[in-house]
Amino acid sequence: MDNCFVICKRLLETLKVPYTGKYLKEKIFTHPQYPSLLGISDTLDEYGVESMAVKLGSDRLDDFPLPGIVQVSLTNGSYFNVITAVSENLVSLFDEEGKQRDVSRLDFLKSWTGVSLLVEAGEDAAEPEINQKIRDQSIIQGIAIICGVGLLFWLGLRVIESGISGLHLFYFVLKLLGLSISAVLLWYQQDKENPNLQKFCSGGKSADCNSVLDSKAFQWFDGRLNPSLLAFAYYFAGAVLFTGFAFSAISLLAWLSVVTIPVVIYSLYYQAMVIKKWCRFCLIILGVLIMESMIVFGGSFWSGGIDVSLVFLFLFLFTGMILGGIMIKPILGQQDEIYKSKRELAKLKSNKELFELFLLRSKKIKNVPLGIGILLNGKTAKHQIIKVCNPYCGPCAHIHPKLESLFDRGNIDLQIIFTSGNGDEQKEKTIRHLLAIESKGNSNFTRHALDDWYGAEKQEYERFAANYPMNGELKLQDKKVKLMEDWCNNEQISYTPTLFINGYELPKEYSVEDLKYLLD
C-alpha cells in the first residue's frame with residue numbers, strides 16, 4: 001500500500017476527521033509533487049487540517065505535538081510514519097505500511113531524520129461535501145444489500161420447493177455463506193482502503209489479510225488469479241448447480257467438497273508456519289469448506305451417481321467466472337493509470353514559467369479597477385486576483401472557498417467585482433447589501449458575510465439580510481454599483497466567474513485549483 005496514502009489515512013483517523021478513500025486517494029496520487037511531504041500537507045489542507053513542515057532535533061521528541069508525521073530512514077529507503085504517543089522508553093506509531101507498532105525510543109531516534117509535519121485539525125475539519133458522500137454511499141450499499149438478500153431469498157425458496165432434507169438445506173446455506181464471504185473478499189481486494197473492511201482485517205497483531213492475499217504463494221498469472229476469485233467461482237458454480245438441479249447435482253458437489261480438503265490444509269499451514277499471519281476472511285471461507293466436508297461425510301452425499309453433463313456445466317460456470325474476473329481486473333486497475341496521467345498534467349500546469357507564458361498571452365485588463373467592488377488585502381501580498389462574479393452564480397459559489405484558501409496564505413490581494421443586476425431587484429439588493437457590509441471597514445466581518453452567502457446551500461436574501469442588518473447603507477451604494485457596471489461593460493465581461501491574475505485573465509487551460517501551486 002502506498003506510504004503517503006496510508007499515512008494520510010491513519011492521521012485523519014487518529015484526528016477523527018471524516019474522509020472517503022476515493023477522494024483521499026485522488027488528492028494524494030494526483031498531486032504534482034507526489035510522493036512528498038508537500039503533497040501530504042496540501043492534501044491535509046483540503047480537509048481543514050493545518051500543517052507546518054519542520055526539522056527537529058532528537059531532544060525535541062518529548063515536546064512533539066501529537067499526533068504528527070515524521071520521516072524515517074530505513075535500509076530500503078525513506079518513509080513517513082505517524083507518531084501517536086511518546087513515553088520514556090517507547091514510541092507508539094503507525095509504520096510505513098500503516099500498521100500500529102510500539103518501537104523502542106532508541107531505535108526510533110536512530111531512524112528519525114528530524115523532518116516532521118506538525119498538524120492541527122480545525123473545529124470543522126472534514127472532507128468537502130462529506131455528508132452528501134456518506135449519504136450516497138449508504139444508499140448504494142443499501143440497494144446492494146437489498147438486491148443480494150433478495151437473490152439469496154429467491155434461491156432459498158427454489159431449493160426449499162424442491163423438497164430436500166434439512167441436511168441438504170444446511171449444505172446449501174453453506175454454499176450461500178461461502179459465496180457471500182468470497183464476494184466480500186473480492187470487494188476487499190479492489191477496495192483495500194475501505195475503513196470497515198480494514199478494521200476487520202487488521203485487528204490484532206497476527207491478523208493481516210494483506211500479508212496473506214498479497215503473498216506470492218496466493219498470486220498467479222501476475223496477480224490476475226487469486227484465492228478470492230477461485231473461491232467466488234467455486235461457490236457461484238456450486239450454488240447455481242444446487243439451485244437448478246438439487247438432488248442430481250449433490251453427488252458431484254459432494255466430491256468437490258472432499259477435493260477441497262488438501263486446499264484447506266495447505267492454506268492453514270502456509271498462514272500459520274510460513275507467513276505467520278492470518279486472513280480472517282480466508283479463515284471463514286476455510287471454516288465453511290470444513291463444515292461442507294463434515295456434512296458430506298455425515299450424510300454420505302457422494303453415494304449417488306454423477307451426471308457427466310453437470311460436470312461440464314460446473315466447469316463452464318467455474319471457468320467462465322474466472323475468465324470474466326481476469327478480464328475485468330485490468331479495467332478496474334485503470335484508475336492508477338488515470339491518476340498517473342492527472343499527476344503528469346498537474347506537474348505540467350504547476351510549471352511557473354509555462355504559466356507566465358500562457359498568462360501574458362491572455363486578455364489584459366484595459367482599465368485598472370481602483371476602488372471598485374470589495375477589496376481584501378493580504379498580509380504579504382505578491383499577487384492580485386480579481387474575481388468578477390454574480391451573487392447568484394453557482395460556479396462563483398464553488399470557487400469562493402478556494403479563493404479564500406489562497407487568501408489565507410496572505411500572499412494575494414483579492415478584489416471582488418459584481419456584474420450588473422440587469423433589472424433583477426433581488427440581485428441588485430444583494431449586491432448593495434454586500435457592498436454596504438464592506439463599507440463598514442471590517443475585513444473579517446466582510447469575509448464572514450461572503451462565506452455565509454456563498455457557503456449556504458441556497459442563496460436566500462431575506463435570511464442573509466436578517467443576519468446582517470443594515471440601516472440606510474444600502475441606499476449609499478448606487479455610485480459603487482454604477483462603477484462596477486461600467487467597468488464590466490468596458491472590459492466586455494461575458495460570463496461569471498471571470499478571474500484576472502495580476503491584470504491578465506486566467507487562461508482557459510488553468511483552473512482555480514492550479515493557483516495554489518503557482519502563486520507563492
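**Entry 1. Tyrosines of helix 11**

I looked up Tyr270 and found that it counts as buried, at 15% relative accessibility; buried means under 20% relative accessible area, exposed over 50%, and partly exposed in between (1.4 Å probe, protein chains only). The model is predicted: local features need pLDDT of at least 70, side-chain atom pairs count only at pLDDT 80 or more, and totals for chains, interfaces and linings use all residues. Residues are numbered from 1 along each chain as its sequence is written, and side-chain values use heavy atoms, with hydrogens and water left out.

Tyr266 is partly exposed, with a relative accessible area of 41%. I noted that Tyr266 and Tyr270 form a tilted aromatic pair, 5.9 Å centre to centre with 35° between the planes. Rings of Phe, Tyr and Trp (its six-membered ring) pair if their centres lie within 6.5 Å; planes under 30 degrees apart count as stacked, over 60 as edge-to-face and the rest as tilted. The two tyrosines are separated by about one helical turn, because they are four residues apart in helix 11. Helices are DSSP runs (H or I, at least four residues), numbered from the N terminus.

**Entry 2. Other ring pairs**

I searched the whole structure and recorded 19 aromatic pairs. The ring centres of Trp453 and Phe464 are 5.3 Å apart and their planes stand at 75°, so this pair is edge-to-face. It links distant parts of the chain, with Trp453 in helix 18 (residues 443-455) and Phe464 in helix 19 (residues 461-467), eleven residues apart. Trp453 is buried at 0% relative accessibility, and Phe464 is buried with a relative accessible area of 0%.

**Entry 3. Nonpolar cores**

I then examined the largest nonpolar core, which has 52 residues; Tyr454 and Trp487 are among those with the most contacts inside it. Such a core is a set of buried Ala, Val, Leu, Ile, Met, Phe, Trp, Tyr and Cys residues joined through side-chain atoms within 4.5 Å. Helix 16 gives the most to this core, with six residues. A second, separate core of 49 residues includes Tyr171, Ala231, Ala233 and Ala254.

**Entry 4. Glu404**

I located Glu404 in helix 16 (residues 394-408). Glu404 is buried, with a relative accessible area of 5%. Leaving aside neighbours within four places in sequence, Glu404 is in contact with Leu376, Leu414, Arg447 and Asp451, where contact means heavy atoms within 4.5 Å.
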